[in-house]
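Hi,

Here is the structure I promised to pass on to you. Have a look at it first, and then read my notes below.

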Amino acid sequence: MKKKVSCAAASFLALLLSVWSCARPAPPPETAAAGERLAAANRIVGSLIGAPAESASARVATFSYDEGKRVDLYWPPDFGFDRRVPLVLFVVSIADSKVNRDVGSSAPDLAAYVSWCAAAACQGAAAAIMTVVEPAKDLELLALWLKKRADALFIDMGKVYLWACSSNWSSAARLVAEGGPLEKELAGLSLYYTYVGVMTPTPAKAVPVEVIIPEKDNIGEMKTLASYAERLRSAGCGVRVIRVPGAGHSFDTRLDAPETRATVAASLEAMRISLGL
């Protein structure tokens with residue numbers, strides 16, 4: 001009889017410990033100031049023009065989501081790590097080896113991405129930038145990793161905003177296409193001078209989308225992007241096309257002009273509105 005009581009007591013104690021462990025809040029990650037990252041960043045394409053003054057105070061930490069692959073997560077300045085916040089995912093669809101070969105560092109170490117992520121975090125969201133080896137496969141792996149660890153990372157994966165530029169959208173588009181791991185979670189999308197193809201999928205969910213077309217970028221590519229904007233509109237998305245006169249590729253980090261600052265401000269506002277911040 002004593003043995004049965006002891007077993008029951010042990011089982012009850014184990015249950016209490018399990019409940020306490022589940023209820024205990026996750027410890028905050030060790031973070032650094034975004035300003036420290038920016039000071040050490042690769043400036044081959046410069047920093048975001050019109051970034052909020054408080055961007056340097058955003059918090060950032062680096063994680064490994066798979067062997068040899070990293071994701072840098074940013075949170076708002078003075079974030080208390082006492083709640084989950086929506087995520088802005090800055091997608092990279094170019095293998096890390098090629099990024100390093102072309103610009104001399106990984107994407108998360110580029111001043112452009114550091115400053116964009118910090119600016120997004122200043123809107124009240126978390127932001128993420130990653131390295132990939134096999135883009136389509138690794139982006140899906142990262143999405144699942146983020147979902148699984150959402151509590152520990154203090155992110156709300158029910159609301160995800162995607163931002164892509166240049167050659168970084170075609171593979172990433174599968175994340176939010178029908179059957180993609182973020183198909184239902186997509187809240188909005190920014191496409192900055194992205195190069196797309198006729199087979200690039202559109203999101204399965206009709207969401208707000210802004211398409212940024214610099215008028216001095218590659219004419220053929222921007223014409224194709226404009227056609228993609230029409231496909232997005234036909235798919236039910238609320239599309240806003242912003243044409244930036246006098247601007248070329250990467251203008252958001254290279255051309256300090258009123259049009260650049262207005263475009264960046266509009267994008268940051270789009271993130272806030274789409275994510276309900």
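A word on names to begin with: helices (H or I, at least four residues) and strands (E, at least two) are DSSP runs, numbered from the N terminus. This is a predicted model, so local features need pLDDT of at least 70 and side-chain atom pairs count only at pLDDT 80 or more, while totals for chains, interfaces and linings use all residues. Residues are numbered from 1 along each chain as its sequence is written, and side-chain values use heavy atoms, leaving out hydrogens and water.

Let's start with the sheet. Nine strands form an open sheet with mixed pairing, in the order β1-β2-β3-β5-β4-β6-β7-β8-β9; two strands pair if DSSP finds at least two bridges between them. β1 (32–33) and β9 (238–244) each have a single partner strand, so one side of each lacks a neighbour in the sheet. Further in, β4 (residues 85–90) runs parallel to β6 (residues 155–165), with six bridges between them.

α9 (residues 258–275) touches β4, β6, β7 (186–192), β8 (208–214) and β9, where contact means heavy atoms within 4.5 Å. The direction of α9 makes about 155° with that of β6 (axes are lines fitted to C-alpha atoms, for helices over the stretch in contact, and angles run from 0 to 180 degrees between N-to-C directions).

Which element gives the most to the lining of the largest pocket? That is α3, with four residues.

Enjoy exploring!
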